[in-house]
There are 2 protein chains.
Amino acid sequence: MVFEILKDRILKDGKCIDGGVLKVDRFINHQMDPYLMKQISIEFIRRFADLKVNKIITVEASGIAPAVMLGYQMELPVVFAKKHQPSTMADMYVADANSFTKKTDYKMVISKEFLTKEDHVLFIDDFLAYGSTGKGVIELCRQAGATIEGMGFIIEKSFQNGRHVLEQAGVKRIESLAVIESLDNGRILIR
Amino acid sequence: MVFEILKDRILKDGKCIDGGVLKVDRFINHQMDPYLMKQISIEFIRRFADLKVNKIITVEASGIAPAVMLGYQMELPVVFAKKHQPSTMADMYVADANSFTKKTDYKMVISKEFLTKEDHVLFIDDFLAYGSTGKGVIELCRQAGATIEGMGFIIEKSFQNGRHVLEQAGVKRIESLAVIESLDNGRILIR
């Protein structure tokens, strides 16, 4: 099971950083393990097997690897929201978000060409922490009239309550492949 | 052949922007076509079939999709250089680069943990324009003592001379899947 593989990998290669940060840059967000990304994408397919989606949305940069592997397996286009406004982009949807690890506010943008009211979206990202990025995506989809069918995360830090934030914002299906219950005292506690 | 597929796609979905920019955000760097990325990765494997590499390096964000598909097919780890210094990263190599489309300077960083003198690197990116990003990667590898075996680009704009810049910097193998000879007068001319 991918849960066991992911759990072992988090315990072996993950590192606690002060302030509730779990560093997984050995296999997810700096060095990436493509085979693990493929296993992760297959597990997302299982979890969301009952949903009809036509597009996968993620956010640069760490969400791109799992999203593109999932898009490949599901034969769906993948759109990554950008964290800056490209000089070559004219018509776009814009939402505010902030980065928990970087402690900065930023604008998330998606071109109006790639998100429309016809879209049934599966959102994929590496982490669910406080839910700020997810809320930004909800706002982008609201502006576009697109429907969010589900949100999938590789790792959820349940003690930061992002799931509650996204449920309150109306997301009906949230799946996380590994749930971290605590990082207290430098110890990774996985549910 | 992936060249024909890519050429047709560039002519159908690419757009010329003033100042020598080719916008391909319908299938490469905003909305992504994962199946095309897989075809691209297979062509890179063919082009670099004679090289021995143990690691794929790319740069966030648009290089991640082709690099992770290639890493998956080749069963190799992929490291993406970051365009900012993460708060959770301590020991790192740093190089200067500038973005042609964004007209900004930035620092490229890779953790010392993920690039060493043992590494034989294949660098993958979406565009070869003036070669600034590639030069940054050369500098990161120089600092680490890693060997660059080759550099592969989905699209090269030959009139911006990045190939010459990288060859002068000592790169022996450069492969581009589609070479744009001119974007003059809003017309895409592919070799």
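This is a predicted model: local features need pLDDT of at least 70, side-chain atom pairs count only at pLDDT 80 or more; totals for chains, interfaces and linings use all residues.
Trainee: Thanks! So how do H3(A) and H2(B) lie to each other?
Mentor: The axes of helix H3 (residues 64-74) of chain A and helix H2 (residues 34-47) of chain B cross at roughly 100 degrees and come within 8 Å. H3(A) and H2(B) are therefore roughly perpendicular to each other.

Trainee: Nice. Which residues meet there?
Mentor: From H3(A) you have Val68(A), Gly71(A) and Tyr72(A), and they meet Pro34(B), Tyr35(B), Met37(B) and Lys38(B) in H2(B). By class, the residues of this contact are five nonpolar, one polar and one charged.

Trainee: Zooming out, how many residues does each chain put into the contact?
Mentor: Chain A gives 32 residues and chain B gives 32 residues.

Trainee: And which element of chain B gives the most to the side that touches chain A?
Mentor: That would be H3(B), with six residues. Other elements supply at least two residues each, including strand E2 (21-23) and strand E5 (78-81) of chain B.

Trainee: Switching to symmetry: what rotation superposes chain B on chain A?
Mentor: A rotation of 180 degrees does it, with 0.0 Å of shift along the axis and an RMSD of 0.0 Å. That is the relation of a two-fold axis. The same surface serves both copies, as 100% of the contact residues of chain B recur in chain A.

Trainee: Which residue of chain B comes closest to the rotation axis?
Mentor: Ala61(B), whose C-alpha is at 2.6 Å from the axis.

Trainee: OK, strands now. In what sense do E3 of chain A and E5(B) pair, parallel or antiparallel?
Mentor: Strand E3 (residues 31-32) of chain A pairs with E5(B) in the antiparallel sense, over two bridges. Gln31(A) stands opposite Val79(B) in E5(B).

Trainee: What about E4 and E5 within chain A, parallel or antiparallel?
Mentor: Parallel: strand E4 (residues 55-59) of chain A and strand E5 (residues 78-81) of chain A pair over four bridges. Val59(A) stands opposite Ala81(A) in E5(A).

Trainee: Last one: what's the strand order in the open sheet?
Mentor: Seven strands run E11(A)-E10(A)-E9(A)-E8(A)-E4(A)-E5(A)-E3(B), with mixed pairing. The edge strands are strand E11 (189-190) of chain A and E3 of chain B, each pairing on one side only.

Key:
Residues are numbered from 1 along each chain as its sequence is written. Chains are lettered from A and ligands numbered from 1 in the order in which they are written. Axes are lines fitted to C-alpha atoms, for helices over the stretch in contact, and angles run from 0 to 180 degrees between N-to-C directions. Angles under 35 degrees count as roughly parallel, over 145 as roughly antiparallel, 65 to 115 as roughly perpendicular and the rest as oblique. Two residues are in contact if their C-beta atoms, placed from the backbone, lie within 7 Å. Ala, Val, Leu, Ile, Met, Phe, Trp, Tyr, Cys and Pro count as nonpolar, Asp, Glu, Lys and Arg as charged, and the others, Gly among them, as polar. Two strands pair if DSSP finds at least two bridges between them. Copies are superposed by least squares on the C-alpha atoms of residues with pLDDT of at least 70 in both.
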